[in-house]
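I'm opening my notebook on this one and jotting down what I look up as I go. The sequence and the structure come first, then my entries.

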Amino acid sequence: MALVELRNVSKIYRLGDEEIRALDDVTLDIAEGEFMSIVGPSGSGKSTLMHILGCLDSPTKGTVKLDGVMIQDASARQLAAIRNRKLGFVFQFFNLLPRLNVLQNVELPMIYSRIPARERHKRALAALESVEMANRAKHRPSQLSGGQQQRAAIARALVNSPRIIFADEPTGNLDSQTGHAILSLFRDLSQQGRTIVLVTHDSKIAAVTPRRIEIRDGKIVDELRPTAPSPAKQGLASAAL
Amino acid sequence: MLLAATFNQILAHKFRSVLTMLGVILGVSSLVAMSALVAGMEKGAREALIAIGGLEKVRVVPQDIPVEQRHLSDEAVGVTLNDVRALQQSAPLVTQFSPEMRLSATFSANGKTYRPWNVSGVWPAACLLNEHVIAHGRMFNELDDEMARNVCVIGTATRDELWGSPEKVGREIIPVGETVFINGMPFTIIGMFEHYESEQDRKARLLAASEAKHPSRKGIGRDRGWRASRGGYVFTFKNQTVYLPLNTVWMKFRYGATQLAISSGKTSRTIEGATGDPRLSRLELKIANVNLLSEALQQIRNVLMTTHKGIEDFTFLTQEDWADQIKVFIHNARLSGGLIAGVSLLVGAIGIMNIMLASISERVREIGIRKSVGAATSDIFLQILAESLAIAVLGGLAGLGVSVGLVHLLSSVSPTDNAPIIRVGPLIFAFVSSVIVGILAGLFPAIKAARLNPIQALRYD
C-alpha cells in the first residue's frame with residue numbers, strides 16, 4: 001500500500017462565474033521511501049497539489065489517503081496533528097520565526113506535540129547535528145546565511161521524524177552553490193530512507209530525484225519512473241549536481 | 001511554554017505593551033480609589049450616626065396642629081412630662097426616655113461669655129440615650145434633679161470657649177467645681193463630657209500633638225477657630241452640649257410655663273395651667289429593636305393620642321430618614337464612581353483588543369508557520385488569548401499598586417473629613433475585572449487569528 005494515495009482529486013476555485021480548475025482529476029501514489037519531484041511552471045497547480053498533499057488544503061473532489069487516513073474527512077484538529085507528526089515542510093523563504101533562536105525554531109513542532117522540554121531539547125540538537133547546524137543553535141535566523149537558515153528549516157522539518165517531507169522551491173532563494181549543497185542534503189536524507197517530495201519550477205533541480213511528475217494546467221502531463229530511467233535525464237541530473 | 005512565549009511577545013514590544021496596559025491600570029486604580037473614597041465616606045457617616053444615638057432613637061417634637069383640628073388649639077396640651085409617665089406605663093417597646101427642655105442660655109465665667117448650641121434640662125438618662133460619656137466629674141443624679149440643684153455638665157466646646165482649649169493653653173483644663181453663670185444664675189460644673197471627634201480627627205490630633213513635641217517643626221501657628229476645625233458637624237454640635245437637671249430648668253427658669261409650642265405663633269398657647277404639667281421642647285425615646293420601629297411608633301402614637309385628647313400636636317423624628325439619605329448618597333457615589341471605573345476599564349479593553357488585532361495582522365506569517373508545523377486552531381487561539389490576558393493581568397497588578405499611591409495622593413491633595421479606606425474586597429474585585437477584561441478583549445482577536453487559513457497566511461508578506 002502506498003503511503004499517499006490520491007484518487008481523482010480536483011480543486012476548483014470560483015471567481016465570479018468563472019471556474020478555475022487548479023487541479024483537474026489528479027491520481028497519484030507516493031510510496032514509502034520515495035524521492036520525487038513535482039515540476040511545473042507557476043500557476044500549473046503544483047503548489048495546490050502540495051498543499052493538498054500537505055494537509056494544508058482540502059480537495060473539492062476526489063479522495064486523499066495519507067498513511068491510511070482519509071484526509072478529506074478529517075477534522076481540523078486531526079489535520080493539525082497529521083501535519084505535526086507525519087509531515088515536515090521546507091519553504092522557499094525558510095519561514096523561521098525571527099524572534100526565536102535556531103534551537104527554539106527547531107523545537108517548535110515538538111511544542112505542539114506536547115513533548116517535554118528536556119526531550120525536546122535533546123531531539124532538536126540531534127536534528128541540528130544531522131544538518132551540521134549544532135554550532136549555530138543559539139543564533140537568531142537573521143544572523144545566519146540563507147543556506148544555514150534553510151538547513152535549520154530542514155532540521156525543523158525532520159525533528160518529529162515525519163513520514164513525508166515536502167520542500168517547496170527549497171533552493172529558490174539561494175545561490176546555485178548553496179542550492180546544490182541543500183539538494184545533496186535532501187539526497188542524503190533520501191538515502192537514509194526518508195520520503196521526500198520536492199516541488200519546483202526548475203527541471204534542472206527536479207533532475208536530482210529518481211521520480212519526476214510534470215504538472216501543467218492542473219493535470220499530470222508527464223511522469224518519469226525510476227524503474228525506467230532515461231539515460232539523457234540521468235545525465236542531466238548528474239550535471240546538475 | 002505558553003507562558004514563556006507570551007512574555008517573550010510582551011517583552012518584544014515593551015513600549016507598546018506598557019501603553020496598552022495603561023488603560024487597564026487607569027481602570028483598576030480608579031475602581032479601587034473610588035471604592036476607597038466611598039468606604040471612607042460610609043465609615044464617617046456611620047460614626048456620625050452612632051454619635052447621635054443610632055437608629056433606635058425616636059424624637060417626639062411638638063408640631064403645628066393640623067388644619068382640621070385648629071379649632072381645638074386651646075385644648076392642645078403639647079408634649080409634657082405627663083406623656084413620659086404615660087409612655088413609661090403603656091409603651092413596652094420603648095426602653096429609654098429622655099424628656100428635654102431646651103434653654104436659650106448665655107454662659108459666663110472667667111470673664112468670657114458663650115452661647116452653646118444646646119443647653120437642655122434633662123434626666124440623667126439622657127447621657128445614655130445620646131451616647132454621652134463623662135470624662136471628668138460626674139453626671140447629675142436623680143437627687144440633683146429632685147432637689148433642682150444648680151449643677152451642670154458641660155461639653156468640651158464650652159470649656160474651650162470659656163477657659164481655653166488644650167491646643168491653645170498647652171494643657172487640659174478641667175473646670176469641674178468651677179462656677180458658671182447661666183443667664184446670670186450661678187451653677188456649679190460637676191462634670192465634663194469627653195471630647196467627641198471622628199476617628200480620623202483623633203488620629204490627626206494625636207499626630208499634631210506628637211509633632212508639636214519636636215521644636216524644629218514649630219512654625220507660625222494659625223488659629224482656624226472651631227468652625228474651621230475639620231470633623232463632622234455632628235461632632236462639633238455634640239461638643240457644644242450642656243446638660244442641666246430637668247427640674248432645675250423648670251423651677252429656676254420657669255421654662256415650660258412660657259414656652260410656646262415650637263414654630264409659628266398661631267399654634268397652641270396652653271401654658272402649664274391646662275394640665276398643670278411642664279411642657280417639653282422635645283422628648284427623646286429609645287426603642288428596644290430597630291426592626292420594630294414602625295410598631296413602636298404606632299404604640300407611642302396610640303399612647304400620645306390618648307394623653308393629647310386626640311389632638312395631633314406632636315410628630316416623630318427618626319434617624320431613619322437620615323440613614324436612608326446616607327444610603328442613597330453612598331449608593332449614588334458608588335454608582336457614579338463605578339461607572340467611571342467601568343468606562344475606563346472598557347477603554348482599556350478596547351485598547352487591548354486594538355493592539356492584539358494589530359499584533360496578529362503583523363504576525364500572520366508567524367501564525368501560518370505555526371499552523372504548518374502542526375499548531376491546532378486551539379493552540380493559536382490560546383496563544384493570542386494568553387497574550388491579551390497577560391497584558392490585562394500585568395496592567396491589573398500595576399493598577400493595584402498605582403491605586404494605593406493614588407489614594408494617598410488624593411487624601412493628601414484634598415484632605416476630607418473621611419479618609420479613604422482601601423479594603424480587600426474592591427482590590428480583589430478590581431483584579432478580577434482586569435482578568436475578565438483581558439479575556440473579553442482577547443476573544444475576538446484570538447478567534448480571528450485561529451481562523452487564519454495557513455496557505456494564505458504563509459503567502460502573506
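This is a predicted model: local features need pLDDT of at least 70, side-chain atom pairs count only at pLDDT 80 or more; totals for chains, interfaces and linings use all residues.

Before I start on strands, I need a rule: I call two strands paired if DSSP finds at least two bridges between them.

**Entry 1: strands in chain B**

I went to β1(B) first. Five bridges join β1(B) to strand β12 (residues 314-318) of chain B, and the two run antiparallel. I picked out one residue pair there: B:Val60 has B:Phe316 as its bridge partner in β12(B). Then I checked β11 (residues 282-287) of chain B, which pairs with β1 (residues 57-62) of chain B over four bridges, also in the antiparallel sense. In β11(B), B:Glu284 stands opposite B:Arg59.

**Entry 2: a sheet in chain A**

In what order do the four strands of the open sheet in chain A come? I read it off as β2-β1-β4-β5, with antiparallel pairing. The edges are β2 (18-30) and β5 (69-70) of chain A, since I find each of them pairing on one side only. β1 (residues 4-15) of chain A pairs with β2(A) over nine bridges. Across from A:Val9 I found A:Val26 in β2(A).

**Entry 3: overall counts**

Chain A has eight helices and ten strands, and chain B has 18 helices and twelve strands. In chain A, residues 24 or more positions apart make up 69% of the contacts with a separation of 6 or more.

Is α1 (residues 46-53) of chain A largely enclosed or largely open? I counted eight of its eight residues as buried, so the helix is largely enclosed by the rest of the structure. Among those buried residues are A:Lys46, A:His51 and A:Leu53. After α1(A) comes A:Cys55, and its phi is positive, near 60°.

**Entry 4: nonpolar cores**

The largest nonpolar core has 117 residues, and I wrote down the ones with the most contacts inside it: A:Val106, A:Ala155, A:Phe166 and A:Val197. Helix α2 (residues 14-51) of chain B gives the largest share of this core, 16 residues. There is a second, separate core of 49 residues, which includes B:Val180, B:Val242, B:Ile287 and B:Ala296.

**Entry 5: a helix with a bend**

I did a quick check on α17 (residues 424-450) of chain B. At 1.5 Å a residue, its 27 residues should span 39 Å, and the end C-alpha atoms are 38 Å apart, which agrees. Where does α17(B) bend? The bend is at B:Leu443, by about 35°, and a proline, B:Pro445, follows within four residues. B:Pro445 is also one of the buried residues of α17(B), along with others including B:Gly438 and B:Ala441. The cover over the buried residues of α17(B) includes α2, α14 (320-361), α15 and α16 of chain B.

**Entry 6: where the chains touch**

I count 15 residues of chain B in contact with 19 residues of chain A. On the chain B side, α1 (2-12), α15 (364-372), α16 (377-413) and α18 (454-459) each supply at least two residues. By class, that side has nine nonpolar, four polar and two charged residues.

A:Arg114 sits in the loop between α3 (102-112) and α4 (117-130) of chain A. Its phi is positive, about 55°, although A:Arg114 is not a glycine. I found 9 C-beta neighbours inside 10 Å, so A:Arg114 counts as exposed.

B:Ala148 is in the loop between α5 (142-146) and β7 (151-154) of chain B. B:Ala148 is not a glycine either, yet has a positive phi of about 50°. With 17 C-beta neighbours inside 10 Å, B:Ala148 counts as partly exposed.

My last stop was B:Arg115, in the loop between β4 (112-114) and β5 (118-122) of chain B. B:Arg115 is exposed, with 12 other C-beta atoms within 10 Å. Its C-alpha atom is 9.4 Å from that of B:Glu161, 46 residues apart along the chain.

Note on methods: Residues are numbered from 1 along each chain as its sequence is written. Chains are lettered from A and ligands numbered from 1 in the order in which they are written. Two residues are in contact if their C-beta atoms, placed from the backbone, lie within 7 Å. Ala, Val, Leu, Ile, Met, Phe, Trp, Tyr, Cys and Pro count as nonpolar, Asp, Glu, Lys and Arg as charged, and the others, Gly among them, as polar. A nonpolar core is a set of buried Ala, Val, Leu, Ile, Met, Phe, Trp, Tyr and Cys residues joined through C-beta atoms within 7 Å. A residue is buried if 20 or more other C-beta atoms lie within 10 Å of its own, exposed if 12 or fewer, and partly exposed in between; C-beta atoms are placed from the backbone. The expected span of a helix is 1.5 Å times one less than its number of residues. The bend at a residue is the angle between axes fitted to the seven residues ending there and the seven starting there.
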